[in-house]
Amino acid sequence: MKVYFCGSIRGGRDDVHVYRRIVHALQSYGTVLTEHVSSAELSDRGENNAASGDQAIHNRDLDWLHQSDVVVAEVTQPSLGVGYELGRAVDMKKKIFCLFRPSSGRILSAMIRGATDVENFVVRDYSEDEVEKVLEQFFSSLKN
Ligand SMILES: O=c1[nH]c(=O)n([C@H]2C[C@H](O)[C@@H](COP(=O)(O)O)O2)cc1CO
């Protein structure tokens, strides 16, 4: 199973410790193609500041998105890139699982929370200590 994990980078790195925990749990289900998103070394500057590097990042990530069997996104910290990835993933008819932490005090975008008519698009509210449990529930639902 190939998993594409989405999390904020240039949108802000406040939740990187949560991304780390999610990616660690995801690795028990398959290969996480975007492990770098959870790296504490990666700042909100992104992988490469040069404009030419951005095209390479975009094309590599879309290639990984095509290859993936499932897309898991932590959507608490708003990120243009994550929103874009989710839109592209919907278009590719991927299975999508979005995780949001209400304890942040934020209100999730209607374009994510409201995508209830999209097939295989699930939004789950959770707290940090539930990461392993909610992922377990999601991956067992895939088997049915
Ligand atoms: O350096 C990067 N590497 C990278 O893989 N991304 C992808 C993966 C993340 O899920 C998403 C984050 O987008 P943003 O940087 O707009 O928050 O975009 C984004 C950047 C920087 O925009």
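How far does a backbone N or O atom of Arg10 lie from an oxygen atom of the ligand, and what is its distance in Å? Select Arg10 and the ligand: the backbone atom lies 2.7 Å from the ligand oxygen, a polar contact (a pair of N or O atoms within 3.5 Å).

Before going on, note that this is a predicted model, where local features need pLDDT of at least 70, side-chain atom pairs count only at pLDDT 80 or more, and totals for chains, interfaces and linings use all residues. Residues are numbered from 1 along each chain as its sequence is written, and side-chain values use heavy atoms, with hydrogens and water left out.

Next, select Gly11, where a backbone N or O atom lies 3.1 Å from a ligand oxygen. At His36, a polar side-chain atom lies 2.8 Å from an oxygen atom of the ligand. The ligand taken alone exposes 450 Å², and the protein buries 90% of that (accessible areas by the Shrake-Rupley method with a 1.4 Å probe).

Now show the strands (DSSP runs of E, at least two residues, numbered from the N terminus). Five of them form an open sheet with parallel pairing, in the order E2-E1-E3-E4-E5; strands pair if DSSP finds at least two bridges between them. Strands E2 (31-32) and E5 (121-125) stand at the edges with a single partner strand each, so one side of each has no neighbour in the sheet.

Select E1 (residues 2-6): E1 and E2 pair in the parallel sense over 2 bridges, and Val3 stands opposite Val32 in E2.

How values were computed:
Helices (H or I, at least four residues) and strands (E, at least two) are DSSP runs, numbered from the N terminus. A polar contact is a pair of N or O atoms within 3.5 Å; within protein, one must be able to donate a hydrogen and the other to accept it, and residues adjacent in sequence count only if both atoms are side-chain atoms.
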